[in-house]
Amino acid sequence: MIVNLPTPEDFYTSGKELLNFAWDSTATLLIEVDQAEEYVDESDLAEVSEQYWAASKRTLTTALTVIQQAVELVIKGRIAEVSPYLLISDGPSRWPSPYEGKPVDFERFRTIDAQDLLRVHDTFAPAHFDPEFVNNFRRLREIRNVVMHSAGKNVTVQVAEVVDSALFMHKTLFPHERWFPVRREFLRTAPSSALGAGEYATNNACWEASIVKKLLQPAQVRAYLGVEKKQRAYYCPACLDDANSEVGLNHKLAVLRPDSRDGCDLYCPVCDDIFHAERPARGADNCEATLYSSSAGRCLVCGRWHDVESDAEG
Ligand SMILES: [Zn+2]
Ligand SMILES: [Zn+2]
């Protein structure tokens with residue numbers, strides 16, 4: 001018999017960890033550039049940012065190759081849903097011997113090559129992968145091969161391409177999840193959380209989401225964040241409440257759903273949840289205060305704690 005059979009969940013967890021690893025290195029770059037916009041002279045910004053991205057070439061190509069490895073792990077998980085034994089390559093004569101007096105560890109089997117993963121999946125799984133996913137996966141493999149063979153000298157990837165790639169793969173492989181809640185959980189449990197960084201998970205996840213919203217095209221923002229790029233955004237009451245108040249939350253990401261003038265329900269792409277807010281009769285403290293959360297006790301336009309007159313009182 002065989003022991004230590006991997007489960008689909010094992011592959012999905014490892015795949016997401018790699019995806020997060022690629023995301024983390026890319027997001028670090030984006031955050032640095034975003035910070036630079038505050039202290040670099042506007043006239044120098046274009047040149048500085050061009051130099052910065054040229055110097056980040058290695059990080060970006062590496063991130064893409066890590067995304068590709070993450071996707072391979074998830075496809076292996078999908079194959080393991082049918083049977084983990086399908087992952088074994090070679091014929092019986094080349095398998096480890098079952099006559100050594102103990103069960104054979106799965107790890108001792110050679111497993112199928114990356115280039116065969118799609119074929120094995122599409123042969124046994126109830127449904128094929130869709131062509132857009134297959135094209136994107138092939139392109140990632142091509143980039144990875146060029147990076148490995150030319151040491152990456154001839155590859156240039158844009159940061160938006162890396163972000164798009166990570167988000168596209170996550171959305172396709174885990175259609176019932178949104179990336180940013182997953183990312184926030186990774187930030188909460190990262191090794192640095194032992195040093196207290198977990199407290200900033202919401203601040204940072206919201207920061208990353210708002211950079212991504214600026215960086216990507218409207219259709220990508222709609223697909224990956226579930227919000228309209230141009231729609232007016234408010235503070236999410238849960239994120240406001242959860243963010244570390246020392247650094248504060250400066251990113252408005254929640255949008256009215258449905259988008260109507262007197263709507264009161266907000267969708268937040270970092271929480272992937274809907275929150276109910278109120279419409280005060282009148283604003284206060286030089287704030288229009290068109291939306292207020294009594295559960296968080298905060299104004300969702302300016303983020304402050306100021307008093308507003310509710311309809312009931314007014
Ligand atoms: Zn939120
Ligand atoms: Zn306000």
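The 4 donor atoms around the zinc ion (ligand 2) subtend angles of 95 to 116°, so the arrangement is tetrahedral. Four donors count as tetrahedral if all angles lie between 85 and 135 degrees. This is a predicted model, in which local features need pLDDT of at least 70, side-chain atom pairs count only at pLDDT 80 or more, and totals for chains, interfaces and linings use all residues. Side-chain values use heavy atoms, without hydrogens and water, residues are numbered from 1 along each chain as its sequence is written, and chains are lettered from A and ligands numbered from 1 in the order in which they are written.

The zinc ion (ligand 2) is held by Cys287 (SG), Cys299 (SG), Cys302 (SG) and His306 (NE2), at 2.1 to 2.3 Å. Donors are N, O and S atoms within 2.8 Å of the metal (3.2 Å for Na, K and Ca); water is not among the atoms, so sites may look incomplete. Along the chain, the donors of this ion follow the spacing C-x11-C-x2-C-x3-H. Cys287 lies in the loop between strand 6 and strand 7 (292–293), and Cys302 lies in the segment after strand 8 (298–299), so the pair ties together parts that are 15 residues apart in sequence. Helices (H or I, at least four residues) and strands (E, at least two) are DSSP runs, numbered from the N terminus. Cys287 has a relative accessible area of 11% and is therefore buried. Cys302, at 24%, counts as partly exposed. Buried means under 20% relative accessible area, exposed over 50%, and partly exposed in between (1.4 Å probe, protein chains only).

The zinc ion (ligand 1) is coordinated by Cys236 (SG), Cys239 (SG), Cys268 (SG) and Cys271 (SG), at 2.2 to 2.3 Å. Its 4 donor atoms subtend angles of 105 to 113°, which makes this arrangement tetrahedral. The donor residues are spaced C-x2-C-x28-C-x2-C in sequence. Distant parts of the chain are linked by Cys236, in the loop between strand 3 (233–234) and helix 10 (237–242), and Cys268, in strand 5 (residues 265–268), 32 residues apart. Both Cys236 and Cys268 are buried.

Cys271 sits in the loop between strand 5 and strand 6 (273–276). Its relative accessibility is 18%, so Cys271 counts as buried. The C-alpha atoms of Cys271 and Cys239 are separated by 7.5 Å, although the two residues are 32 residues apart along the chain. Beyond its neighbours within four places in sequence, Cys271 is in contact (heavy atoms within 4.5 Å) with Pro181, Arg184, Cys236, Ala238 and Cys239.

Arg184 is one of the buried residues of helix 7 (residues 179–189).

An open sheet is formed by 4 strands in the order 3-4-5-6, with antiparallel pairing. Two strands pair if DSSP finds at least two bridges between them. Strand 3 and strand 6 are the edge strands, and each pairs on one side only. Strand 5 and strand 6 run antiparallel and are joined by 4 bridges. Leu266 has Phe275 in strand 6 as its bridge partner. The hairpin of strand 5 and strand 6 has 4 residues between the strands, and there Asp272 takes a positive phi near 50°.

Definitions and conventions
Four donors count as tetrahedral if all angles lie between 85 and 135 degrees; four count as square planar and six as octahedral if opposite donors are over 155 degrees apart and all others between 65 and 115; anything else is irregular.
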